[in-house]
Amino acid sequence: MQNKLMETFKKLYGGEGEIHSYFSPGRVNLIGEHTDYNGGHVFPCALTLGTYGIARKREDRKLRFYSMNFEKLGIVETSLDDLVPSDKAGWTNYPKGVIWAFQKKGFEISQGMDVLIYGTIPNGSGLSSSASLEVLIGVMLKDLFGIEISMPEIALIGQYSENNYNGCNCGIMDQFAVAMGKKDCAIFLDTNTLKYEYASVKLPDAKIVITNSKVKHSLVDSAYNDRRNESEKALKDLQKVADIDTLGDLTEEEFESHKDAISDEICRKRAKHAVYENQRTIRAVKALKENNITEFGKLMNASHVSLRDDYEVSCEEIDILVDLAWEIDGVIGSRITGGGFGGCTVSIVKNDAVDMFIEKVGQGYKEKTGHEAEFYVVEIGDGAGVVE
């Protein structure tokens, strides 16, 4: 793959100068959804699917971007003097946003770049193609310009650019998982403090299977920002009766005793999900450490019900995929993953049931929706970095 990309880069831009290669993974979140901006815990892992990049510094201020996923667009040319988001810029708003954010944070970037990108993450699937690209660009800038910056800081800059340049009010989970991934491990992250630990997810008798509904979503255009606003309204009401900074500070019992302080019924449902999902995530990681994969699966299933009913970020196609999965012997747990409103489910499936899972879920989904689902039996990989 790297050789093919390098050849394409040289054909497009020429072969002179120092040319560097990079890779940044996608991510799947095993449990802990919509808790990352509510001060709760998440449990994502990096994938071996991801975004490849080849880049070289320029002597002028030009920025030239080319994506092998959007070849018809050709080379998209802009400059360091035009770091303004626009519909016309399309996918290049993401790399431009990261460069803009680096400058906003005080890092000097005075030379342009030639960049080639190729992603193996399906767009709109909920596997964080945007965060993968953002962290990739952050690693490029760190490497090409010799910037002293840690990987968690690159993750925070990626989040800052998505919030303030691209207009999606996302939490830190996606960028952090992409930047800090570790092979065969998921990251148990407290999004309020950014304290984290790696937990082994070696499943000798099971596989992680991602099912793509092929229903695309765009978090910027969806109700994602609405959910965040509803959660914040609930928090403000709760803060009148409880000494808390985030919804993640509450146990289920504390929430139940204070929930009537939330004046709006919809906001109350959103807060219930945030509190209960955070506690589910804490219990799920404990179960995994104790090798109780059955309990982990039950908590995944409960997570989906909460995301469907209380947070209302699922959709008909995703619910069909999950319902079909739950009917199959050998499925330990299955739920929606990602921001919602389409995208993917994540399931843990016993090894001897994987083929049946793909056949039955695929067939049932086609019959009920007319869509062809895509299946990825995934491996957990490392976070973003320079490819030597």
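**Close-up views of a predicted model**

**View 1. E10 and strand E11 (residues 344-350) pair in the antiparallel sense over six bridges.** Two strands count as paired if DSSP finds at least two bridges between them. Strands (E, at least two residues) and helices (H or I, at least four) are DSSP runs numbered from the N terminus. Arg335 has Val346 in E11 as its bridge partner. Residue numbers start from 1 along each chain as its sequence is written. Because this is a predicted model, local features need pLDDT of at least 70, side-chain atom pairs count only at pLDDT 80 or more, and totals for chains, interfaces and linings use all residues, while side-chain values use heavy atoms, without hydrogens and water.

**View 2. An open sheet of four strands runs in the order E10-E11-E9-E12, with antiparallel pairing.** Strand E10 (331-337) and strand E12 (374-378) are at the edges with a single partner strand each, so one side of each lacks a neighbour in the sheet.

**View 3. Helix H10 (residues 316-326) lies across strand E9 (206-212), E10 and E11.** H10 runs at about 175° to E10; angles run from 0 to 180 degrees between N-to-C directions, and axes are lines fitted to C-alpha atoms, for helices over the stretch in contact. Helix H11 (residues 354-369) packs on the sheet, touching E9, E10, E11 and E12. Contact here means heavy atoms within 4.5 Å.

**View 4. Helix H2 (residues 93-104) and helix H3 (residues 129-144) have axes that come within 9 Å and cross at roughly 50°.** The contact involves Tyr94, Pro95, Val98, Ile99 and Phe102 of H2, and residues of H3 including Leu133, Ile137 and Leu141.
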